[in-house]
2 protein chains.
Amino acid sequence: MSVTIHDVARAAGVSVASASRALSGRRRVTPEIAERVARAAAELGYQPNAVAKALRDQTTGTIGMVVPGIGNPFFTTIVEAVERELQNFGTDLLLCSSQSSPEVEARRLETLLARRVDGLIISPCGIEASVPAVLDAARRVPLVQLDRHIEGGGADWVGVDDEAGMSQAVDHVAAGGAHSVVFVGSRLLNSSARLRLDGFERAAARAGMETRTPLLGDFTLEWGIEAGRRLLDDGPLPDAVVCGNDEIAVGLLRSLRTGGTRIPEDVSVVGFDDVGHATMCDPPLTTVRQPVEEMAAEAVRLLGQIKAGDPRPAQRIAIAPSIVVRQTSRPAAGRETT
Amino acid sequence: MSVTIHDVARAAGVSVASASRALSGRRRVTPEIAERVARAAAELGYQPNAVAKALRDQTTGTIGMVVPGIGNPFFTTIVEAVERELQNFGTDLLLCSSQSSPEVEARRLETLLARRVDGLIISPCGIEASVPAVLDAARRVPLVQLDRHIEGGGADWVGVDDEAGMSQAVDHVAAGGAHSVVFVGSRLLNSSARLRLDGFERAAARAGMETRTPLLGDFTLEWGIEAGRRLLDDGPLPDAVVCGNDEIAVGLLRSLRTGGTRIPEDVSVVGFDDVGHATMCDPPLTTVRQPVEEMAAEAVRLLGQIKAGDPRPAQRIAIAPSIVVRQTSRPAAGRETT
DNA sequence: AAAGACTGGGTAATCGATTACCCGGGTTCC
DNA sequence: GGAACCCGGGTAATCGATTACCCAGTCTTT
């Protein structure tokens, strides 16, 4: 059994109230008592019970975070960013994975709420399927959606302007001389998948580029590799491929190159996210960078502003991404017709 | 304010004791009361407060896990495996990153203990630096070390037999005809780094192979790339390179190949861990597989056996790894002298 | 010098769920 | 018919930290 404030008080020969005051410093005590309590606490190795404190204070000092999975490096970087950001507030992170399943997601939200987290940050795995669980949670505790979001405006959101990002990607390959472009992304179950495809299609139309039916699978390396093979099989390659995320782009790169395609001479490839290893694939990947630190900071800031139960209009904060040009795309200078 | 069991009891017109009994089923109540309580709970949307329950029961239903970082894919897979394993027990995981810093690690352990986790799983970031924090934590709560461990036998451990793994790696390249081999690993701050180097050196000596001074950096892709460049600069390449983990191996592969080296014709490369993308790099990586699921299951099982404060000799469970041969190493058949 | 303000101490209520303990009414058994 | 038991209900203690509230002593102020 561990040592409580009663033990400390007894050892110091004072009441629990004095012990608590001496330790928290929230009311003056005589130096004499402060000293005795401090010594007793140190000798006994007293460590306050956070559970009891949480019950009494009605606040746990934790926020819950639910992401589709930590296998995807984009989510691990955003989790790390959120964790760093929360450290400034002495708040701990309870991390859960929904394993891209709306049922698991709903269960995880339930247990986080039962544990009385002070707030929630979630990247919902489904655009429609996650609606009830997310809205229900948002009604009970401050909640912000980060990166992905549900349809409708029921809950706050911080993320990137997918439309603007896709515009940059498409305009960039167009400036590099591409006339035809194809999109390789994920099935349209979540908001990122949907908005990036939409953004791509609008941008391609605006740029007057020729497109084909998009290839939609998962946001994984495996699907990128598979999609590359399909492109090779399906006859003449497009001038450019714009991908829904970097995992797909890296996989695609790999299978196009093993198929003998030169990147970027034959085909330009652009990713999305700018995860760590985008710089380290071969050749280094041109991609649309998500300002992860800024998004995390903004999400935490917004979370702090929300007062539970306050019927305030939901905010949507879309941060502008920027393209970072590396070596999988032809530069604007080298304009050549195919 | 959220709905408590008192609200449910009042709505159902019974005492809190009856409400609690009806909901938990831990003592019989009349069907009449059971029914009324169930209806009241459903109507009010009652959800038990896990904080209050934890305080009363002296158990939180959570275990804490501390890993050096979730950027390293090996740790994300092992975290996922542990999470899956714990689900079977209705236990939640509180995940923390030590950011490879013993100070951060000690702080994280403190806050997990303050939150009264029922147990701890840790992969200590330092072999010596983590000793006090780990032993102190182990004294207060069931604790098992997973993968990495501190020196001495002060706390239980589940991991892989690094020595055996390295033997397999070295014997495999030797069987493929290699006469010289170099080790590329991490600086010797943690147990994995140290034991893998030791294992490598003993195995190389036993196999009668020529070695050079090992290259030691970090367990990262970046270091693998850098180490590859150094090998290329330092004159004639060895017949084989054995790496401390897969990240290093993948990076090394990349820079050796861009330097014009053929893999595995000129140099065999072997990794360690068998993380997901080892199959998907180019060419697919020969590596020593860690049985992550089994390790996670064993760690959870062991954790369940430990009774806090029970002075029981610490156990060390080393699971045998096995090499998985892919295409970065010459097969035993193709024996050729260089 | 008396009244009021201030200081620093202690007692006990509080947070919410569980459960030890008690009690009254109905059965059972001799 | 009366003692012993069982069953199912309620009251209140418990977990540990914080703090509202109270009180005694001291300091100010007029």
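**Helix packing and the chain contact in the predicted model**

Helix 2 of chain B and helix 3 of chain B are roughly perpendicular to each other, because the angle between them falls in the range from 65 to 115 degrees. In this predicted model, the pair consists of helix 2 (residues 16-24) and helix 3 (residues 31-44) of chain B, packed at an angle of about 85° with their axes 9 Å apart. On the side of helix 2 of chain B, the residues involved are Ser18(B), Ala19(B), Ala22(B) and Leu23(B). These meet Ile33(B), Ala34(B), Val37(B), Ala38(B) and Ala41(B) of helix 3 of chain B. Classified by residue type, the contact of helix 2 with helix 3 of chain B comprises 8 nonpolar residues and 1 polar residue, with no charged residues.

In chain A, a further packing arrangement involves helix 1 (residues 5-12) and helix 3 (residues 31-44), whose axes come within 8 Å and cross at roughly 125°. This angle makes helix 1 of chain A oblique to helix 3 of chain A. The crossing of helix 1 of chain A past helix 3 of chain A is right-handed. Helix 1 of chain A contributes Asp7(A), Val8(A), Ala11(A) and Ala12(A) to the contact, while helix 3 of chain A contributes Arg36(A), Val37(A), Ala40(A), Ala41(A) and Leu44(A). The residues of this contact between helix 1 and helix 3 of chain A comprise 7 nonpolar and 2 charged, with no polar residues.

The contact between the two chains takes 31 residues from chain B and 31 residues from chain A. On the side of chain B that touches chain A, two or more residues are given by each of helix 4 (50-57), helix 5 (73-87), strand 2 (92-97), helix 6 (102-114), helix 10 (221-233) and helix 11 (246-258) of chain B. Helix 4 of chain B gives the most to this side, with 5 residues. By class, the side of chain B that touches chain A has 15 nonpolar, 9 polar and 7 charged residues.

Within chain B, Gly217(B) was examined individually. Gly217(B) belongs to strand 8 (residues 215-217) of chain B. Gly217(B) counts as partly exposed because 18 C-beta neighbours lie inside 10 Å, whereas 20 or more would be required for a buried residue. When residues up to four places away in sequence are not counted, Gly217(B) touches Ser186(B), Arg187(B), Trp223(B), Glu226(B) and Ala227(B). Between Gly217(B) and Phe75(B), the separation is 142 residues in sequence and 18 Å in space, C-alpha to C-alpha.

Note on methods
Residues are numbered from 1 along each chain as its sequence is written. Chains are lettered from A and ligands numbered from 1 in the order in which they are written. This is a predicted model: local features need pLDDT of at least 70, side-chain atom pairs count only at pLDDT 80 or more; totals for chains, interfaces and linings use all residues. Axes are lines fitted to C-alpha atoms, for helices over the stretch in contact, and angles run from 0 to 180 degrees between N-to-C directions. Helices (H or I, at least four residues) and strands (E, at least two) are DSSP runs, numbered from the N terminus. Angles under 35 degrees count as roughly parallel, over 145 as roughly antiparallel, 65 to 115 as roughly perpendicular and the rest as oblique. A crossing is left-handed if the near helix is turned anticlockwise from the far one by less than a right angle, and right-handed if clockwise. Two residues are in contact if their C-beta atoms, placed from the backbone, lie within 7 Å. Ala, Val, Leu, Ile, Met, Phe, Trp, Tyr, Cys and Pro count as nonpolar, Asp, Glu, Lys and Arg as charged, and the others, Gly among them, as polar. A residue is buried if 20 or more other C-beta atoms lie within 10 Å of its own, exposed if 12 or fewer, and partly exposed in between; C-beta atoms are placed from the backbone.
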